[in-house]
Amino acid sequence: MSAHLPILIVVVPLVAALVVPLLGRRTPGVAHAVTLAALIFALVASGLVLARVVVDGVWRYQLGGWAPPWGIEYVVDPLSGGMMVLVSFLALAASTYAWSYLLATDPGRIGLFDSLYLLLVTGLLGIVATGDLFNLYVFLEISAIAAYALLAMGGDRATVATFRYLLIGTVGSSCYLLGTGYFYALTGTLNMADLTERLSGVGESPAMAVGIGLIVVGLAIKAAVFPFHGWQPDVYTYAPPPVTGFVAAAMTKVSAYAIFRVLYFVLGGTPVAASALVFLGGVGVLAILAGSWLALAQTDIRRMLAYSSVGQMGYIVLGFSIGSPIALVGALFHVLNHAVMKSCLFLVAGGVRWRTGFSSVASFVGMGRRMPLSMLAFAVAAVSMVGLPPTVGFFSKWYLLLGAFEARAWPGVAALVVSSGLSAVYFFRVLERTFVVSDDRLVATESRELPAGMLGPVLVLAAAGLLLGLFQQPLITHVIQRALPATVS
Amino acid sequence: MDLASRPLAAVLVSLLAVVLLPLFDRRPTVRETITFTAAALKLALVASMLPAVLAGQVIEGATLPLVAGLSLHLRVDAFGLLFALTASSLWLLTSVYSLGYLRATASTHQTSYYVSFAACLSATVGIAFAANLLTFFVCYEVLTLATYPLVVHARTPEALGAGRRYLVYTLGAGQVLLVAIVWAQSIAPGAEFTPGGFLAGRASTATLGILFALFIAGCGVKAAIMPLHGWLPAAMVAPTPVSALLHAVAVVKAGAFGVVRIVGYVFGVDTLRATGADIALMLIAAATILVASVRALGEDNLKRRLAYSTIGQLSYIVLGAAVGSVAALTGAMFHFAGHGFMKIAMFFSAGALHTEAHRDGVRGLDGLGRQMPMTMTAFALGACGLAGVPLLAGFIAKWNLGVGALEAGHVVLVGVLVTSGLFNVAYFFPIIYDAFFKAPSGQVREAGWPMVFPLGVTGAAALCLGVAPDLGFHFFTLARLAAESIVAGGGVPQ
């Protein structure tokens with residue numbers, strides 16, 4: 001069985017997704033237990049696969065025994081293995097959180113929710129695992145459709161926001177599909193490794209430039225990279241908290257992964273990839289500044305976090321664009337940092353809204369007393385977002401800054417510094433209200449701390465934010481540095 | 001415990017208190033016991049490294065490797081130990097003092113107070129023992145974060161305003177410092193603090209000049225070099241023990257410590273002379289000393305007057321670093337301990353005046369010298385010391401600074417030191433005169449022993465360190481050792 005782990009990681013959540021709605025009607029507890037079991041399996045299996053590829057190198061798995069380039073191939077290298085572990089870890093954390101939330105708000109739909117949730121996870125794990133450009137599109141759509149349904153569960157405004165996301169997201173995936181079509185026409189193959197090989201014989205052509213442009217723009221829409229982020233703030237604001245906590249953390253990161261995979265592995269070293277990276281560098285700097293600036297102007301905490309994500313995605317693509325080993329380590333480390341911390345922030349923000357009905361920044365006054373542990377986790381994650389030591393966010397920013405410095409990318413340096421300052425302002429504005437400003441009316445109010453099932457994941461994520469930074473060395477040397485393309489390192 | 005694990009243990013012991021304290025939110029006795037135990041253990045651990053360092057050893061502590069040749073690394077040299085000893089011995093005294101002060105003022109949020117205090121001390125000792133710029137920066141920023149809750153402790157709008165101002169200044173400076181450190185890292189990858197500096201000849205003079213300016217702007221905020229000092233007088237809204245330890249010892253000294261580390265262990269005095277930055281730094285320091293003296297004269301609030309005095313005194317240290325001769329560096333480094341003990345004695349006195357006599361101003365202290373003899377004597381000893389009266393701790397620093405300035409041919413600086421001493425007399429002596437030579441106006445008694453004991457000890461220390469600068473923790477020898485290693489250069493193997 002262990003020989004089939006790469007496909008099982010995708011198939012087990014998929015099968016569970018089909019079983020769960022049947023169980024959910026009568027026994028929601030069993031349905032959720034199956035969901036959690038599938039996610040735990042995905043996490044453990046991802047860990048095992050990662051451990052193997054770190055030791056033995058790339059693991060190529062041929063679906064149904066069909067040899068590539070005719071059959072579909074799954075390729076797990078340290079990059080995709082690391083992403084699988086990250087995605088399944090986040091999925092498990094948010095799904096654990098979801099149980100208490102759903103039980104209290106909407107117990108009748110647990111089966112449906114879990115089914116869609118597992119489909120979303122299947123899609124994201126598939127994107128990461130596959131070594132085939134078209135198969136990637138299929139998983140992109142699976143995850144997107146599941147996400148549309150989940151995000152729309154947040155009520156009327158969520159439905160409108162999600163419909164807009166559906167329209168824009170479909171444009172994005174269509175762009176990606178068209179781009180893939182161009183490459184298929186040029187080379188006659190969809191297998192990534194095969195494509196790389198055949199492209200060297202094709203040479204430079206306008207078709208290639210159009211193809212890569214479409215792919216990059218399509219994925220940038222999916223990753224909510226400025227200026228393609230228009231769908232994102234509304235969606236994150238109105239979606240149910242357990243969904244935002246996972247989607248905001250994992251989905252955009254997986255799209256960023258796809259950009260990295262295409263530009264550095266599939267098309268690594270080609271002039272068109274280089275121009276795409278230059279474009280992304282400019283976009284990244286703008287994203288960092290615009291995201292932080294817009295976050296500053298928000299009064300709703302969820303919207304503030306959403307715009308903060310726009311800025312943080314800028315950090316990541318800026319790192320991709322600089323492209324030196326240290327900058328790429330920074331970018332990938334920042335993927336990890338932002339995924340874990342933003343998940344924590346959204347889960348707490350959603351929890352606060354659920355327990356108190358508040359979501360505006362102004363309403364966080366005295367929250368440090370009413371939900372002490374949740375807000376402590378929020379504070380750790382916020383400090384990491386600002387990039388202050390000793391959290392993981394400081395170290396990822398350190399590597400990005402070092403990379404930008406060595407590459408003499410002064411706009412990048414300036415953007416990183418300015419954005420740190422701006423995010424300090426908008427996060428400390430919240431923290432000041434939470435912990436410092438006192439309101440006598442609140443002294444009498446009872447504790448509104450989250451139930452253990454929701455608090456647990458939040459605290460685990462926050463602890464990860466504290467520990468991953470200080471004890472980063474094994475992670476970076478064994479996984480992230482090996483995840484870099486051979487052309488770079 | 002072997003020598004190599006002690007630096008880390010010294011940092012972590014107060015961090016352990018940070019974890020334990022919140023568990024005893026409703027049990028003040030347990031909370032205070034934890035604080036004292038941690039403070040005492042910390043001092044014992046730090047002091048236990050003294051013999052080895054005095055014997056000329058540099059203690060290599062724990063290393064936490066990161067990637068690209070970077071690491072978080074602790075190392076104890078004479079200069080670091082000097083700072084750590086000052087901070088941890090004063091933490092113990094301040095803990096005793098806090099006990100009395102917080103009870104006397106019936107303060108709320110005491111748990112958060114003790115937690116933040118312990119976190120600050122961990123960060124401070126981390127700064128002292130940091131072996132490279134990255135470690136220094138990590139602890140430096142943790143110190144910023146841990147101090148914020150103490151500045152806003154009163155939870156009044158005024159305190160919130162001071163807290164915001166504090167964050168804007170320190171976090172802003174932190175980003176500047178970060179850029180400078182990243183830049184230095186790209187010039188000299190993985191370099192660690194080296195007596196005599198490691199940047200010499202690695203970049204053009206112009207580059208080094210700009211880099212130095214960034215470093216000084218980054219550290220200058222905490223060191224309250226004018227015009228970057230605006231947060232310090234505002235932060236005096238914090239409770240007096242906070243002002244005492246953090247705004248006379250830990251935070252501001254961390255900034256001054258950074259300046260000396262950068263001058264002596266990153267750039268090297270000779271490299272700075274080549275860029276001409278030493279003269280610029282001297283000018284800024286001298287201007288800060290003089291302007292702060294004038295401003296202190298104009299402040300009627302006692303703590304704010306002390307704050308401006310601190311701003312001036314810190315620039316003595318900066319000045320000594322800029323001059324860069326053995327005598328000047330010795331004076332500057334000794335001033336870490338000397339100014340620490342003197343200024344904290346004065347802050348302790350100011351706190352006792354606040355809780356017992358309910359006086360916050362510099363006027364209306366008539367006759368208190370008779371009613372609160374310990375308090376006002378400690379205050380007077382601190383004030384005379386800062387003015388540079390011989391046989392007190394401040395004189396040692398000033399004398400060495402003066403000698404160093406003369407050796408280096410900067411006669412004007414001696415004039416600055418003398419003028420500053422006269423200003424000290426002008427803004428402190430009227431207070432002492434009122435207290436001791438005017439008739440008392442009401443009934444006031446000495447504060448309780450938890451407040452009187454620390455202020456007595458620190459006041460006595462101001463005297464003892466002036467008579468025998470090597471008494472106890474050998475501060476003078478440590479300063480001398482460190483200064484000589486900087487001037488000799490290359491004292492530590494890489």
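This is a predicted model: local features need pLDDT of at least 70, side-chain atom pairs count only at pLDDT 80 or more; totals for chains, interfaces and linings use all residues.

**Chain A, overall**

I began with secondary structure: chain A comes to 20 helices and two strands.

Next I looked up the dimensions. The C-alpha trace of chain A spans about 75 × 55 × 40 Å along its principal axes. I then checked the radius of gyration, which is 21 Å for chain A; a compact globule of 489 residues would have one near 23 Å, so the two agree.

How much of chain A is buried? I got 61% of its 489 residues. I also looked at contact range in chain A: taking contacts between residues at least 6 apart in sequence, 80% join residues at least 24 apart.

**The strands of chain A**

I went to the strands next. Strand β1 (residues 59-62) and β2(A) run antiparallel, and four bridges join them. One pairing I noted down: Gln62(A) has Glu73(A) in β2(A) as its bridge partner.

Which way do the side chains of β2 (residues 73-76) point? I found Glu73(A) and Val75(A) on one side, with Tyr74(A) and Val76(A) pointing the other way. Buried or exposed? I checked these four residues of β2(A), and all are buried. That includes Glu73(A), the bridge partner of Gln62(A).

**Where chain B touches chain A**

I turned to the contact between the chains, which takes 25 residues from chain A and 24 residues from chain B. Which elements of chain B give two or more residues to the side that touches chain A? I listed β1 (59-65), α6 (133-151) and α7 (157-187) of chain B. Of these, α7(B) gives the most, with 12 residues.

I sorted that side of chain B by class too: 17 residues are nonpolar, five are polar and two are charged.

**One residue in chain B: Leu121(B)**

Last, I picked a single position. Leu121(B) sits in helix α5 of chain B, which covers residues 110-129. Why does Leu121(B) count as buried? I found 34 C-beta neighbours inside 10 Å of Leu121(B), and the cut-off for buried is 20 or more, so Leu121(B) qualifies.

What does Leu121(B) touch, leaving aside neighbours within four places in sequence? I wrote down Ser14(B), Lys42(B), Ala87(B), Ser88(B) and Trp91(B) as its contacts.

I also took one distance from Leu121(B): its C-alpha atom is separated by 26 Å from that of Ile486(B), and the two residues are 365 apart along the chain.

Methods:
Residues are numbered from 1 along each chain as its sequence is written. Chains are lettered from A and ligands numbered from 1 in the order in which they are written. A residue is buried if 20 or more other C-beta atoms lie within 10 Å of its own, exposed if 12 or fewer, and partly exposed in between; C-beta atoms are placed from the backbone. Two residues are in contact if their C-beta atoms, placed from the backbone, lie within 7 Å. Two strands pair if DSSP finds at least two bridges between them. Ala, Val, Leu, Ile, Met, Phe, Trp, Tyr, Cys and Pro count as nonpolar, Asp, Glu, Lys and Arg as charged, and the others, Gly among them, as polar. The radius of gyration is taken over C-alpha atoms; the globule rule is 2.2 Å times the number of residues to the power 0.38.
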